[in-house]
Amino acid sequence: MPGDCSLPPHVPHVPPPAPPPPPAPGLPPPPASAPKKKLYQTINSSRSPVEGDYTEARLLLTQRESSFRKDLQWILVNTYVPSLIQDGPQCGLVALWMAANLQQPQLSIDMETVAETALSRGYTAQGEMFSAKNMALLAEEICGCKAELLSGGLNGDNATTISTHLWGRQPVLIPYDEDYNHEPCQRNGQKAHWAVASGVLLGLDRGSVSEEHVQPDPTLSWLYLPIDASSPCPASSTGLREVYILAKQGKSLRYQLWGLDRVAQSNKQLMTMDPHRANDGTLYVVPDGGVEAGLAGQAVLLYTGAQKQQ
């Protein structure tokens, strides 16, 4: 009849589902879902680093062989650093951990120690490192070695200093803006990132370097390697035409080869913090004067062994 709200006889009543049973006594609760991995973490989870001072460098040079002038004499020096994928905003701390592996005598240090030391000294809050000065102080404490803060840009005399340092098989920590492929770009500092350089490739006029100090690479006929660590560095030669650095950073297991001029341009324009990060309510340690005062035009040279300067 009108107004009768009873269910029609053909619609059965379905009782609500029973609640899940409680966990058995003594058993731990089910694990929480794992945090979602970043894309770079997922990409590298199925990879492994290519070890060796020159193994991966030769692969890079072979892939890009057509971009190197054949009228120049190319000389390569590199000292292998191990790879580590960062977990969160730890690029500077990961770069330092990689560089610390070149310390002689060799150190045995884990990332947890690096991060805890940086946190306890007030250099970081989340793993970020927005001060090259603090990075130098942290490096000296972690590695027990001399760390030199380089300022005034990475061109000119400083470019020679960096090249000579890398030729001496000593690492350099360099802040720069990171592009989507991890290479240097210019984003005004909003993609500020750290890398460790461990090698240098010099392109010189033929005849600039005496062949008594270099030997042909066994794989690439146009490439030369120093005969030993005492071979003089030609970075200040008037015949120097091009400089590349071999670098690693915490979002890839692979080496990358970057023109030093390009790195210097990226490093020079580190001016401001990413506004999304600056306004996300998270505490970060930023020096007086901001990102520009802390990073722009700066790098850190580490003296990690017998060649350490006093």
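**Close-up views of the predicted model**

Across the whole structure of this predicted model, a search identifies six aromatic pairs.

**View A. The aromatic pair of tryptophan 74 and tyrosine 244.** The ring centres of tryptophan 74 and tyrosine 244 are 6.1 Å apart and their planes stand at 55 degrees, so the pair is classed as tilted. Because tryptophan 74 belongs to strand S1 (residues 72-78) and tyrosine 244 to strand S8 (residues 240-249), the pair ties together parts that are 170 residues apart in sequence. Tryptophan 74 is buried, its relative accessible area being 0%; tyrosine 244, with a relative accessibility of 12%, also counts as buried. Both residues belong to one aromatic cluster, formed by Phe68, Trp74, Trp222 and Tyr244.

**View B. Lysine side chains over aromatic rings.** Lysine 70 places its charged end over the ring of tryptophan 222, 5.1 Å from the ring centre. Tryptophan 222 is itself a member of the aromatic cluster shown in View A. The charged end of lysine 248 sits over the ring of tyrosine 255, at 4.6 Å from its centre.

View C. Most residues other than glycine have a negative phi, and most peptide bonds are trans. The bond from glutamine 104 to proline 105 is cis, with omega near -5 degrees; proline 105 lies in the loop between helix H3 (91-100) and helix H4 (111-120). Arginine 169, not a glycine, has a positive phi of about 65 degrees. Arginine 169 is located in the loop between helix H6 (156-167) and strand S3 (172-178) and is partly exposed at 22% relative accessibility. Histidine 182 likewise has a positive phi, of about 75 degrees, in the loop between S3 and strand S4 (184-185). At 16% relative accessibility, histidine 182 counts as buried.

Terms used:
Residues numbered from 1 in each chain as written. Predicted model: local features only at pLDDT ≥ 70, side-chain atom pairs only at ≥ 80, totals over all residues. Heavy atoms only, no water. Phe/Tyr/Trp six-rings, centres within 6.5 Å; stacked < 30°, edge-to-face > 60°. Helix = DSSP H or I, 4+ residues; strand = E, 2+ residues; numbered from the N terminus. Buried < 20%, exposed > 50% of the residue type's maximum accessible area, 1.4 Å probe, protein only. Lys NZ or Arg CZ within 6 Å of the ring centre and 35° of its normal.
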